[in-house]
Amino acid sequence: MSQFASFPVLLPLFSGILLLLLPQRSVALQRAVSLLLTVILLGMSVSAFQLVLNGDYHVILLGDWSAPFGIVMVLDSLSALMLVVTATLAVAALWYAIASNTDQQGKYFHVLFQLQLFGLNGAFMTGDLFNLFVFFEVLLLASYGLLLHGGGRLRTRAGLHYVVLNLIGSTLFLFAVGTLYGMLGTLNIADMAIAVQAVDAEDRGIVSAAALMLLLVFGIKAAIFPVYLWLPGAYTYTTAPVAALFAIMTKVGLYAMIRVHGTLFSEDAGMLAFIHHDWLLALGLLTLLLGAFGVLAARIFRQQVAYLVLASVATLMVAIGLTNETALSAGLYYLIHSTLIGAALFLLADVIRLARGHHADTFTKATPLAQPVLVGSVFMLLAVAVAGMPPLSGFFGKLMLLHAALAHHWYTAIATIILTSGLIMIVALVRTGSLFFYSVQSQPDKPAPALNKPAFAAIIGLLLVSPAMVLLAQPLTTLTTTIATQTGNHQAYINAVMRQPEKAAVMP
Amino acid sequence: MEWLIAAMIAVMTSSGVFLVLRARTFPVVLGLTLLAYAVNVFLFAMGRLQIGTPPVIDKSALAYTDPLPQALVLTAIVIAFGMTAFLIVLALKSRSELGNDHVDGVHKSVDEREASRQQADMGEHP
């Protein structure tokens, strides 16, 4: 039964290889197989989630080597939640890619798409720091291909920056992993957490330096303050479905912070406990402010959405930095919301870009859209959701986050920055909306192209998640609280992976 | 021997960082390659430096060296190799699409405009 837990990782790899072997010329076959397998992956992720809802850990020992020696995959409720969010996003992005014909702009779109999912799901399930590196590389290599899909001057330039920055990140990752291995003698996350508790006083400096280097690496993936500059370029100039799928990429960095730093430097780590939290909180607040300014300063709508995603990542970083389970629970609620709404905005930006002819999505007067009421309403609802206004889910996420921050001694700064950045985003989005839907040329040069209805359905689907999250707020919050509690219970994680008897937990 | 390895890693890393900060894509690729070499040697040294000891079980052996860093380095080398190959292709693609090998891809037409303006300037003020 435990083996079933590994299927969400293995299925996308199998799908990728299968799609590579199928004839590339039969477009319909490629699309049908890719979409079918992604829907199956969604079903599998949901059933994996049900499997761990009761607080179980499913530990898969590859080759049945016992824990610190072999490779382990761990499925717990946090990783299962990430699997479900990823698969949901993947279905919507793939549907849009097929409906808008984006997948035919270059070769091997579906293969790369599935391999990207393989890397993402692997990163969410690995219990080993070196395998986290390997899965990061798998998802990055697939993302390089997807980012450059379709080609073009600006896309190539943004892609070059993205690739070089991530390669530097990979090198730093290896330096940090090597140092930690040299100091702790193991790379299994659970085993490392035990070893950290026994670090000598003289080695503490090296271990914390390596830990902060690792934080920087995850920060590059998650796009935090000094190293976020790749994000606006890469997300702005890639194709819409890829940008939508990449909405989960930044969350991989955040997940890695929760998993690795949260487990290694928990309250049990003695002098090394919580070395990363103040950094996360301060850099998160700074990133949030800069992201909001970016939203205001953006010159095209896709860039504005990229900065909105950056701001949402920063909000999540604040949630992780707050070091309590209520904040983490609020953060997980906000994570589901921000990933899916951010993706919907990227897709909407593409629809608007295509409808405005040569004006594309620049903030200039252009011909009116073919269906301004429908597109405008969807824009307004998404803007309300992403800026965190009631009644949609962004508001509840931020409300819970601010509530969880009440006891923190930086509360004034946190509340001020979160609320101010929300206001800035509202101002910027109001300007965008009024320009796109009201301030249009009275005499159009030529009729606007008709709306691509099947593609637009993907946006509506993602948008519907937001009211659903409000209506189901009570059960969903209970769920995220359960997940946050399980994530906070590091001893149970360590025991599950190391197969220690339960009573060892209470021994001093 | 420790200082030799340490100095080697330091020199490779600093050269790598220097080259990565250059403005043209080819030195950046070389810099990343050097950084990858440095990190590989670094990982190798993380199992502590030992000479003449086997990593796998051997009846005549008195001591063993840590086999894990060797396995890690092997993986890291393969990944770095693939990434470098990809980066070189991407650098060539950007060279042909952007018309020059600057990392920020200063556009060809801008360069040409710049060049023609300089020529015009020189024409006015001989």
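Let's start with how helix 8 (residues 204-222) and helix 11 (residues 249-264) of chain A pack: the angle is about 155 degrees and the axes are 7 Å apart. Here axes are lines fitted to C-alpha atoms over the stretch in contact, with angles running from 0 to 180 degrees between N-to-C directions, and helices are DSSP runs (H or I, at least four residues) numbered from the N terminus. That angle makes helix 8 of chain A roughly antiparallel to helix 11 of chain A, a label for angles over 145 degrees.

Who touches whom? Among the residues in contact (heavy atoms within 4.5 Å), helix 8 of chain A brings Leu214(A), Leu215(A) and Phe218(A), while helix 11 of chain A brings residues including Leu254(A), Met257(A) and Val260(A).

Please remember that this is a predicted model, where local features need pLDDT of at least 70 and side-chain atom pairs count only at pLDDT 80 or more, though totals for chains, interfaces and linings use all residues. Residues are numbered from 1 along each chain as its sequence is written, chains are lettered from A and ligands numbered from 1 in the order written, and side-chain values use heavy atoms, leaving out hydrogens and water.

The predictor gives the complex an ipTM of 0.85 and a pTM of 0.91. Chain B averages a pLDDT of 84, on the predictor's per-residue confidence scale from 0 to 100. Within chain B, helix 1 (residues 2-20) has the highest confidence, at 94, and helix 4 (residues 108-124) the lowest, at a mean of 55.

Note on methods:
Helices (H or I, at least four residues) and strands (E, at least two) are DSSP runs, numbered from the N terminus. Angles under 35 degrees count as roughly parallel, over 145 as roughly antiparallel, 65 to 115 as roughly perpendicular and the rest as oblique.
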